[in-house]
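Please keep the structure in view while going through the numbered points.

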Amino acid sequence: MKAWLRKYSLLLPLVVWLLVFLVLPYCFIFIQSFFETDSFGKTIPGVSIDSYQRAFSNSLYIGTIFRTLIYAVLVAFLCILLSLPLAYWIAFKVKRNKTLLYTLISLPLWVSYIIRAYAWKIILGKEGLLNTFLQWAHITDKPVEYFLYSTFSTIVCLVYILTPFVAIPIYTAFEQIPKSLIEAAKDLGAGSFTTFRKIIFPLALPGIISGGTFALVLTMGDFLSPLLLGGPNTLFISNIVQNLFGTSNDRPLGSAVGILILLLIFLILGIAARSEKKLSSLKSDSR
Amino acid sequence: MRKIFSAFFTSAMLFFACNTGTPANNTADTAAVDVSKLKGSTLNILCWEGYAEPVFTKAFEDKYGVTVKATYFGSSDELISKLSNGGSEAYDIISPSTDVAGDIVAHDFVAPIDTKSISQWDSLSPQLRNMNDVIKDGKVYGMPFTWGPDYLIYDADVVKAEPTSWKVFEDPQYKGQVSLWDDISNIYLIGQLQGLDKTDKAALYNMSDAQLQSAKAELIKMKPQIRKYWATAGELDNMFKNKEVALAVGWPLTVAHLNKEGRNLKAVIPSEGATGWIDRLMITSGSHNKQLALLYLDYISQPENMAKVLSAINYNVANPGSERFLSADDKKIADASQFFDKLNFWQTVKERKKYNEIWNEVKSAQ
Amino acid sequence: MNTTSLKNFLVSFSGIAVLLFLYFPLVVIVLFSFNADTVNSFPIQHFSLKWYSVLFRDDELLQSIGTSISIALISTAVALLIGIPAAYAMHKYDFKGKKLIDKIVLMPITLPGIVTGVAMLSFFPFVGVKISLTAVTFGHITFLCAIVVTQMLARFKRLDPYLEQAAYDLGATPSATFFKVILPNIKTAIIGCVLLCLVLSMDEIPVTFFLIAGNNTLPLEIYAMMRRGITPEVNAISTLIFIFSTTAILLSMRLNKEK
């Protein structure tokens, strides 16, 4: 067999599969976003920008996209905030069993998403763990209702689920910082906070950005947490997409909103990739 | 463990069966059915919660050696979406309510029913049997099954005085203890609260833009009172169970389920009235099991089985003959049939898309 | 306590606190699975194993486990058959569009599952894949390809390049080289990858959510149970899944590390 033939026969199944079951579906929702529907929700092929007009003119769609983006930024920020001490501790303070601890961070990632979301229902409910504890300790005298079925519980759950995704790249970035650099800073009299601020944080920034981006993008696409833990005011953009496909039966509009989410995500990924590149080139310059 | 393995093999078989089967002949009929051939097949029912409780499906499964598999939908719109997404082939029987039944027939999602194969057909309530929304070209597409109200349900341990108006949802005393259904029917509820259906029942289902906007404003105003919009009856049960809510819009089965567990839930029709639904069973046009589906319709419409349905979920049933099989307590529920005329039964909403968008806008309002 | 040790203490304390935060909810579920009551309130009054026995009598749940296992096995097998050769080709050869394939293969992981789900829901019927467990399996194969290709590509890159060269020098044909020399060397990585794929497929929701009709997979059955309010049983099944996936993943990590 000729080398090129072998090469392509090895690749062909994957390429064909991805084309038919991934690329074409994505192309199709782009096309479908220009379709129309009858009153019953049946799609009628056509070229209409009606769906986009509705998506942009009604704050239900465009407003929710931006609100979700704000939630996503908040979630990413909180994940980073939690990941920094965790990663710092394992990277710089722990001497033994580092691998074990690293495994411990990543392990929850593989435990069923739905179960991890569900746990918060038990913890945050009116008669749940947290409220019982607060009343027992006489911090509150009535259960705090806002804990569950609210945007708060949704955000807590997302932060909980996504923190490992963020902690891992940050930890990896910390580990890659030459220990000699930190020693040198210390020798020059820098305190540990100054060392963190001036040396560790800037050098770990690409890792922080990639972790944060991950959390941001995953939050944009999540519809289960709001569904399970959200309250009357919690509506993420993915819930709207799910609603348009699963309830309101308006596929063209659902596709148009889906395409807008994709565009926003490409934009975020693009910015993140650029700033990561820029930062790592700065890093190599400074060395 | 053995169960998992057998389930594993049956699902693997199912998996291939899904692709090879072709829809059986279009009109279902039970005459000359070799019943033994049906053994081992699965009847897939896409229905409201409570419509496939083992209490009344078990005997059918045993009789024919089949499995009844239920999938639940949480709203009429979800049913429509499931059917549009290819569900008319994946399910054999569906249980649409009066708001979408006509559209489902018009869009050919369901097959005509041979009423001669349903032995109890003539005993079913004529009022329900003769509703013309599911009759097309002289053929019948739906068998009446149950009907009931969208009740105001309250936890009598928390709400001491019986509420007389839907306005109780706006009572600051119950802030954060109310649950509405995640469905466009809340718009009907506001319409009713505003007295739109006093003269014309259909007004709730044909609201003008201005009326819709006013309903939206009212629903947004109500939001601080709301704990959560429930998506499935089970979710509402769960919230009552965990004392998350004290007041809700809901169906009789929630009261039936929780009071069986020793809770003190009550249901009322407030002075403004309530909306209601009439549910029919239909056989999908793409069903691979039309004969079995028809056998099920025949089975479930028998008076003793209808009685079991009533006692399990406390919904009123379509066969009045069921009464002699009822316990004294259940008879009381059946007696509630006097309120049939008081309910404003769901009708087709022409601007369903708009109603849905309004409802989503309510949910997204901060 | 001087300031340095105070600072050290604070850092360690907050690090440990976050780690505890990651495990606390899991502990809660395990604990509540032994709660005899049907309501999830605290403190637990009575402990019992009853929900585990209820679980093993719940036919729908057992069937959903069977469904999930069959989907996971089939989609993992197909993803390996498609993914390993492609990863090998991507490792060995240079060609136009390699970067593009690299990007596309990762799409199901990087892009939101909901968009992938609705895209598949809209398009699959056009290629004759009806919304059913078959559609779910096709969806799973697609995202598992991403896992297989990235994992195997990483493994091929760590392979000693001289190994292959030596085989050729000794006159082995390319296919003999692959099956006799390369395959035995990546065996453990494949097993690790299989475990990973099985766990991911058993846990997938966003795509499955849109493609399913009738029979539920395990996570969707759990989702349905949660919504129907059958919660104590959910705690029990969750505990079992937790044990299963932890074991599988730890095993997979071990195998991936081996040479």
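1. A:Asn97 counts as exposed, at 53% relative accessibility; here, exposed means over 50% relative accessible area, buried under 20%, and partly exposed in between, with a 1.4 Å probe and protein chains only. Although A:Asn97 is not a glycine, its phi is positive, at about 60°. A:Asn97 lies in the loop between helix H3 (62–93) and helix H4 (98–106) of chain A. Helices (H or I, at least four residues) and strands (E, at least two) are DSSP runs, numbered from the N terminus.

2. The model is predicted: local features need pLDDT of at least 70, side-chain atom pairs count only at pLDDT 80 or more, and totals for chains, interfaces and linings use all residues. Residues are numbered from 1 along each chain as its sequence is written, chains are lettered from A and ligands numbered from 1 in the order in which they are written, and side-chain values use heavy atoms, with hydrogens and water left out.

3. A:His138 is not a glycine, yet has a positive phi of about 60°. The loop that holds A:His138 runs between helix H6 (129–136) and helix H7 (151–176) of chain A. A:His138 is exposed, with a relative accessible area of 70%.

4. C:Cys193 is buried, with a relative accessible area of 0%. The sulfur of A:Cys27 has its closest cysteine sulfur in C:Cys145, at 18 Å, which is too far for a bond. A:Cys27 is partly exposed, at 37% relative accessibility.

5. Chain B contains 13 helices and 14 strands. Its radius of gyration is 21 Å, close to the 21 Å that the globule rule gives for 366 residues, so chain B is as compact as a globular protein of that length. The radius is taken over C-alpha atoms, and the rule is 2.2 Å times the number of residues to the power 0.38. The C-alpha trace of chain B spans about 60 × 45 × 40 Å along its principal axes.

6. Of the 366 residues in chain B, 62% are buried. Among chain B contacts (heavy atoms within 4.5 Å) between residues at least 6 apart in sequence, 77% join residues at least 24 apart.

Terms used:
Disulfide = S-S within 2.5 Å.
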